[in-house]
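I have opened my notebook for a structure that is new to both of us. Come along while I look up a few things, one entry at a time.

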Amino acid sequence: TELFGKKTSDSEDEMLVMLRERNLVATYQYIKEEGSSTNRVYTIRCTIGDLVFEGQGKGKKNSRLEASKKVLEYFKDEKKPESTENNSTDAEAAPAKENEKEEKGEKEGE
C-alpha cells in the first residue's frame with residue numbers, strides 16, 4: 001500500500017485508519033541508528049498527541065512498523081477515548097497511569 005508516496009504495511013495502514021477515525025495524527029521521528037553498517041538497528045518515535053511509542057528494527061521501515069504495532073496494541077487494549085489530552089507521554093507507562101487515575105477516583109468517591 002502507498003500513502004503520500006511512501007510504502008506502508010497492513011499494520012501501519014490499520015493504525016492510520018484508526019487514528020483518522022479518532023481525528024488523531026501520528027508523527028514519526030528517527031531517534032538513532034546503532035550497530036555496524038551490516039547490522040544496523042534503527043529506533044523511531046511515533047508521537048500521537050501526548051502519547052509516545054518507540055519501535056526498533058533492522059531497517060527504518062521495520063522500526064516504523066514496530067512502532068505502528070505498539071500504537072495499535074495500545075488503542076485496542078485500552079479502548080482509549082478519541083482525545084489524548086492528559087495522557088501519559090510514555091506508552092509503556094500509560095496503562096499503569098490510567099489504572100492509578102481509576103484507583104484515585106475510587107478512593108475519592110468512597
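**Entry 1: the sheet.** In which order do the strands of the open sheet stand? I found 3 strands in the order β3-β4-β5, with antiparallel pairing. Strands here are DSSP runs of E with at least two residues, helices are runs of H or I with at least four, and both are numbered from the N terminus. Two strands pair if DSSP finds at least two bridges between them. β3 (26-34) and β5 are the edge strands with a single partner each, so one side of each has no neighbour in the sheet. I also looked up the twist, which averages 20° from one strand to the next.

**Entry 2: what I am reading.** I note that this is a predicted model, in which local features need pLDDT of at least 70 and side-chain atom pairs count only at pLDDT 80 or more, while totals for chains, interfaces and linings use all residues. Residues are numbered from 1 along each chain as its sequence is written, and side-chain values use heavy atoms, leaving out hydrogens and water.

**Entry 3: the pairings.** I followed β3 and β4 first, and they pair over 8 bridges. K32 has T43 in β4 as its bridge partner, and T43 in turn is bridged to Q56 in β5. β4 and β5 pair over 7 bridges, and C46 has F53 as its partner in β5.

**Entry 4: the turns.** The hairpin of β3 and β4 has 6 residues between the strands, and G35 in the turn shows a positive phi of about 95°. The hairpin of β4 and β5 has 2 residues between its strands, with G49 at a positive phi near 60°.

**Entry 5: the core.** Which residues have the most contacts inside the largest nonpolar core? I wrote down M15, L19, C46, I48, F53, V71 and F75, in a core of 16 residues. Such a core is a set of buried (under 20% relative accessible area, 1.4 Å probe, protein chains only) Ala, Val, Leu, Ile, Met, Phe, Trp, Tyr and Cys residues joined through side-chain atoms within 4.5 Å. α1 (10-21), β4 (41-48), β5 (51-57) and α2 (60-78) each supply at least two of its residues. The largest share, 5 residues, comes from α2.

**Entry 6: confidence.** The mean pLDDT (the predictor's confidence in each residue, from 0 to 100) of the chain is 75, and 62% of the residues reach 70 or more. Over residues 83-108 the pLDDT is below 50. Where pLDDT is low, the predicted coordinates should not be read in detail.

Technical notes: Contact = heavy atoms within 4.5 Å. Buried < 20%, exposed > 50% of the residue type's maximum accessible area, 1.4 Å probe, protein only. Axes fitted to C-alpha atoms, helices over the stretch in contact; angles between N-to-C directions.
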